[in-house]
Structure formats: structure tokens, C-alpha cells
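Colleague: Thanks for making time for this. Could we go through the packing together, one question at a time?

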Amino acid sequence: MKLYSTNNHDLKIDFQSAVFNSMPQDKGLYMPVEIPALDQDFIQHLDRYTLREIAYQVSSALLQDDIPANDLKAIIDDAINFEAPLHPLDEDTYVLELFHGPSLAFKDFGARFMSRVMAYFLKDNEQLLDVLVATSGDTGGAVALGFLGVPNTRVTILYPKGKVSEIQELQLCSNGQNIRAIEIDGTFDDCQQLVKQAFAEEELNSKMRLTSANSINIARLIPQTFYYFNAVAQLFRKGQREVVFAVPSGNFGNIAAGLLAYKMGLPVKQFIAATNVNDTVPRFLETGVYETRPSVQTYANAMDVGAPSNWVRIMNLFNDSREQVKELVKSYRYTDEQTVEAIADIYQQFNYVACPHTAIAWLAVQEYQQQHAPSEDTFVFLSTAHPCKFPDIFPAEIAAQINIPEQVNALRQKEKTATAMPVDFDAFKAFLLTAG
């Protein structure tokens, strides 16, 4: 697999280099030189394959010979050891539940695959690999559990003070071993900018082996395609073929993976990017002006991103044509008030408890249906996190119906350990260079 930088199409590197270097020095993002079209017989008969079989076929097509077949299968079997079921709300609307992994969030797909790929490529006696990650909620927990105990790696997680839930914070700060957390007195965008500065800083890169576990890393994006193919496979088994995906969107890695799957041949009629009031992309699609803004804190905290990194990848997939993107991607935004109302509506209509991010995706389905009625489409909205992560958001009646997984009860017995830090790159640099 060869990759280029979105800022320099002449720059070509291999997959292993992209995994470890994560972000080009020109501050672009890596993208595949060629996006393979999957065999049509495989596409038309997705219903014959399991999630892991699909994951192998898709990753093998992208990676080509970078990882031998048996090794790749072993990585997938170890990383993707949980399911992503479709839960029906009615005959043509489904929730794609992506929270059945160990951190109870969709980011387990990317973090577990990436950590095992890195471990596969790491050689004995190599320089320690320092993995930097900024999180607005769920990324950090997935990365922490994905890399916990992986030899010759050290993970540093930056998260915004007071802007993640109690469960999310404990997932970041209670691991020990090779995982450490920094509580930044700022926003997710501040955390993300500190990480990006670190990758561009000469002294840090001369003394440390830095890589990213954010969705800027191509190894995070590839496994997120798996569950789109698997969702369509499940629909095929039900005799349904026209699908519209609604995706809760913050840093836009999740929907970028869906669009990559589409480019590989996945049959999708429409994508919907559902955002909270951090609406950089909806505004761009409406006005043609791409204007980032400081992020605003909301109940859907994993989507509190004012400068979504992966939007450049999406534009790149469509030759920077806003009109092409607008044809395939609709985008709507919602307030906290609308989110809370949606949580109540979903529970009252379907006896289903949805996290805030999931509720926003459901709202987008409703808005799309109103604009495109009547429709014979099948709608799939992605549920990106278990509702137990957001206990303070639910009314008591709904909160009482949430099934609390055992790992959450165990987390509450652990102690939080994090380093407090202002938004100060010099302080962050000094921490990286001096912390043990």
C-alpha cells in the first residue's frame, strides 16, 4: 500500500512508515495512492461473510502485501473480537451498535487494530514508540485499552478539563503501566493542536519516536470501514439493499471511513453527517466557506470539535469538489435541547436508550426523511458509545433502564491519575522530554 500526503501528492511512502509517522511534516494527512475496487461478487454476496471475514477482505485489498495473509488474519481475530449488531427500531430504521468493545465505544475498532499493527511492525530493541493522542471523550479510552501493556510503547493522552464524562475520564486516567494522561485546561481543539505541534517540532522528533493514535493515523481509518460493510451484510440478510447511513460527526474520521468504503464499492445511497452546534461542516456545505471556530462544549462531547482534521480527507476523496461531496453527504446540526428531546422520543417510541451522539444521528434521519418523503430507503444510524458513559444527561426514568456493564463498575473502584497542564506547548514539550 502506497500513500501520499494531502498537501503533496508527489510524496509517497509505504504503510508501515505512515503508521509510525502518522502525519507528514507538511501537515497534510496520508491517503492511499490507489483505492481498490472490491470484487463485485464479494460485494453482492456480503451476507455470506462474518464481520471478521469482511474485515480481512477489506484490509487485505487496501494493504496488499504489507502484512502476510496469516498474520493479518491473526491481527483481525485478536482486534475485532466483538460484534457490531444492527438493532431494529422499525421495519426500515436500524441502530448500528458500535459500543460492544472493551471501552464501550466505536473507537475500539480503530484503536485495537492500530495497536496490533504497530506491535506487529515493532522490532525488538527498537527505540520506544511514544503514542500521542488528543481526545474529546471516547478516543482516549479506546486507545488506552488498545495499547495497555503493549511492549515498547508509551501512550500520552491529552483531554480537556471538565469536558469529558466521569466514566470517560476514568478510562483515560486509571490504567497505569504504559498509559499516562494529561488534563489540559482548554478545549479538545487545544489538545489536538498541541499534538500536531509536537509532530512538527524538530527537537522532539530528534529525541523521541512519535506517532499518533488519533484518526489522523491511517491505521485508525482502515478498520472503521469494516462495520459499514458488515452493516450492509446484515441488511442483505433481511432483503434490504437501499441504505442511508447517518453518522454522528465530530472530527469526521467515522464518516471518512464510510466514504472510503463507498469508494471501494460499498453500495450506499446517501450519507448524513450529523453534528452538534460545532457545525463547521454543515456551514461549509451550505455556504462554500470553510471557517473553523473554537469548539463549544455540548452533551455530545466526543463531537465537540471546531476544526475537524479528517474533513481534508473527505474533500480529497472527491477531488476537492464541494458539489460532489454535497451530492453524497447531507449535513445537519442540533442543539443540546434537541438532543435531550430526541433521547426522550427514542425511548418513548421504541423503548431504546440512546447516548447523546446516537440521538443526534437519529435526529438527522428524521430531518432527512422529512425532506425526502416518501422514501423506500433503509436508514442506519450509528450508535457510537454506550449510554452508561453519560449518566447525568438522562432523565431518571431513562437512566434507570441503562444496563451498566461490569467493566464500568470496576472502573469506579479505581483512582484517577492525571497531570494538570495549561494550554502551553513549552510545558507539553518539557513533559514529553522529561517525564519518565
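**Packing, rings and strands**

Modeller: Gladly! Keep in mind that this is a predicted model. To begin, F229 touches L38, I43, L46, I54, V58, A261, M264 and L266, leaving aside residues up to four places away in sequence.

Colleague: Is the pair of F15 and F121 stacked or edge-to-face?

Modeller: A pair of aromatic rings is described by the distance of the centres and the angle of the planes. For F15 and F121 the centres are 6.2 Å apart. Their planes stand at 65°, and a plane angle over 60 degrees counts as edge-to-face. So the F15 and F121 pair is edge-to-face.

Colleague: How many residues apart in sequence are the parts that this pair ties together?

Modeller: F15 is buried, as is F121. F15 belongs to helix α1 (residues 15-21), while F121 belongs to helix α5 (residues 107-121). The pair therefore ties together parts that lie apart in sequence by 106 residues.

Colleague: F42 and Y49 also form a ring pair. Is Y49 buried or partly exposed?

Modeller: The F42 and Y49 centres are 4.9 Å apart with planes at 65°, so this pair is edge-to-face. F42 has a relative accessible area of 6%, which is under the 20% limit, so F42 is buried. Y49 has 23% relative accessibility, which lies between 20% and 50%, so Y49 is partly exposed.

Colleague: Which residues do ring pairs link into a cluster?

Modeller: The count of aromatic pairs comes to 16. Ring pairs link a cluster made of F82, F109, Y227, Y228, F245 and F271.

Colleague: And the charges over rings: over the face of which residue does K263 lie?

Modeller: Let me take K73 as well: its charged end sits over the ring of Y56, 4.9 Å from the centre. K263 is at 4.4 Å from a ring centre, and the ring belongs to F318.

Colleague: Now strand β8. How many of its residues are buried?

Modeller: In a regular strand the side chains alternate between the two faces of the sheet. In β8, one side carries I179, A181 and E183, and the other carries R180, I182 and I184, with both faces covered. The buried count for β8 (residues 179-184) is 6 of 6.

Colleague: Which residue in β14 is the bridge partner of E183?

Modeller: On one hand, β8 runs parallel to strand β7 (residues 153-160), with 6 bridges, and P160 has I184 as its partner. β7, helix α7 (residues 166-173) and β8 make a right-handed β-α-β unit. On the other hand, 3 bridges join β8 to strand β14 (residues 419-421), also running parallel. In β14, the partner of E183 is A420.

Colleague: Last one: which residue with a positive phi follows α12?

Modeller: Helix α12 (residues 253-263) is mostly covered, with 9 of its 11 residues buried. The buried residues include I255, L259, L260 and A261. Following α12, the residue with a positive phi, near 120°, is G265.

Conventions
Residues numbered from 1 in each chain as written. Predicted model: local features only at pLDDT ≥ 70, side-chain atom pairs only at ≥ 80, totals over all residues. Heavy atoms only, no water. Contact = heavy atoms within 4.5 Å. Phe/Tyr/Trp six-rings, centres within 6.5 Å; stacked < 30°, edge-to-face > 60°. Helix = DSSP H or I, 4+ residues; strand = E, 2+ residues; numbered from the N terminus. Buried < 20%, exposed > 50% of the residue type's maximum accessible area, 1.4 Å probe, protein only. Lys NZ or Arg CZ within 6 Å of the ring centre and 35° of its normal. Pairing = 2+ DSSP bridges. Right-handed = clockwise from strand over helix to strand, strands pointing away.
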